Amino acid sequence: MRNALFALVLVVVLCTGCVQTQGPVTLSPVEVNNYSGQKLSSVNDFVDTSINGTQYINVSTYRLSITGLVDNPEEYTYAQVIDDHQSYQKVVTLNCVEGWSATILWQGVLVRDLLNEAGPKPGATTVIFEGSDGYTSEFPISYFYDNDILMAYKLNNITLPAAEGFPFILVAENKWGYKWVEWITEINVSNDTSYEGYWESRGYSDSGDLNQSFIK
Ligand SMILES: Nc1nc2c(c(=O)[nH]1)N[C@H]1C(S)=C(S)[C@@H](COP(=O)(O)O)O[C@H]1N2
Ligand SMILES: [Mo]
């Protein structure tokens with residue numbers, strides 16, 4: 001019995017010794033600042049230009065709705081969006097019309113996968129993204145079929161912070177920052193080709209293409 005106890009103490013002491021010699025253990029994800037040799041911006045490089053300030057979304061009551069001209073309207077929890085869909089990652093730069101930009105490693109789901117699950121009806125031309133602050137922006141539905149467009153839930157390997165759109169931000173590649181809808185609560189499939197979002201109805205270009213002026 002004594003010997004057994006001694007052996008046990010010895011094992012514990014030795015194992016503690018082992019762990020101590022193995023170097024630091026990373027306990028929580030940290031923001032990466034480099035990806036495949038490319039330098040990334042930081043979460044601190046975002047400038048708050050949102051219409052109503054940061055939205056703080058309660059993840060337990062949160063739902064993402066896919067509505068409108070679809071065969072199967074969907075309502076997903078945060079976990080359903082993430083766990084039930086293939087994830088993708090890509091470095092994409094956000095350019096705000098106010099002059100700042102942020103090059104970020106985004107991780108998320110493909111908007112096209114969500115659209116396909118809902119099943120757009122014939123005649124659907126437009127997809128309108130809405131945030132919990134009432135902000136909207138519209139896109140031709142072809143944008144999501146001709147390009148791999150992400151709805152991201154991670155930025156530089158960390159969970160999307162509230163200030164950057166938690167739970168989801170649209171990574172509107174090749175489009176001005178105002179097309180990157182944050183705090184997404186609804187994706188509405190529509191046939192309203194004249195719909196204009198928040199900034200689009202205030203004089204900003206509908207396409208929001210980066211290679212064009214953002215003034216209409
Ligand atoms: N829901 C919502 N999304 C939004 C906005 C907003 O006001 N509300 N602002 C847009 C603008 S103008 C930019 S540049 C980007 C990044 O803005 P941020 O740094 O304020 O997060 O988010 C875009 N998405
Ligand atoms: Mo912006």
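Select Ser36 to begin: this residue is placed in the loop between strand 1 and strand 2 (38-39). The model is a predicted one. Inspect the backbone of Ser36, where phi is near 50 degrees, a positive value in a residue other than glycine. Ser36 has a relative accessible area of 71% and is therefore classed as exposed, the threshold being over 50%.

Next, select Glu31, which is found in the loop between helix 1 (2-20) and strand 1 (34-35). Glu31 has a relative accessibility of 26%, and therefore counts as partly exposed. Display its surroundings: neighbours within four places in sequence being left aside, Glu31 is in contact with Ser41, Ser42, Val43, Leu155, Asn156 and Ile158. At Val43, the backbone nitrogen lies 2.8 Å from a polar atom of the Glu31 side chain. At Asn156, the side chain makes a polar contact of 2.8 Å with the side chain of Glu31.

Proceed to ligand 1. The space that ligand 1 takes is the largest pocket. Show the residues around ligand 1: there are 17, and the closest are Val47, Thr49, Ile51, Asp133 and Glu182. Select Asp133, where an N or O atom in the side chain is 2.7 Å from a nitrogen atom of ligand 1. Move to Asp48, where an N or O atom in the side chain is 3.2 Å from an oxygen atom of ligand 1. Finish this group with Trp180, which has a polar backbone atom 2.8 Å from a nitrogen atom of ligand 1. On its own, ligand 1 has 520 Å² of accessible area, of which the protein covers 98%.

The next stop is Pro167, found in the loop between strand 10 (158-159) and strand 11 (169-171). Select Phe166 together with Pro167 and examine the peptide bond from the former to the latter: this bond is cis, with omega near 10 degrees.

Is Asn174 buried or exposed? Its relative accessibility is 52%, and Asn174 therefore counts as exposed.

Conventions
Residues numbered from 1 in each chain as written. Chains lettered and ligands numbered in written order. Predicted model: local features only at pLDDT ≥ 70, side-chain atom pairs only at ≥ 80, totals over all residues. Heavy atoms only, no water. Helix = DSSP H or I, 4+ residues; strand = E, 2+ residues; numbered from the N terminus. Buried < 20%, exposed > 50% of the residue type's maximum accessible area, 1.4 Å probe, protein only. Contact = heavy atoms within 4.5 Å. Polar contact = N/O pair within 3.5 Å; in protein donor to acceptor, adjacent residues only side chain to side chain. Near = heavy atom within 4 Å. Areas by Shrake-Rupley, 256 points an atom, 1.4 Å probe, with all protein chains shown as cover. 1 Å grid on protein atoms, 1.4 Å probe; cavity = no way out; pocket = protein on both sides within 12 Å on 5 of 7 lines; lining within 4 Å. Sits in = over half its atoms within 2 Å of the grid points.
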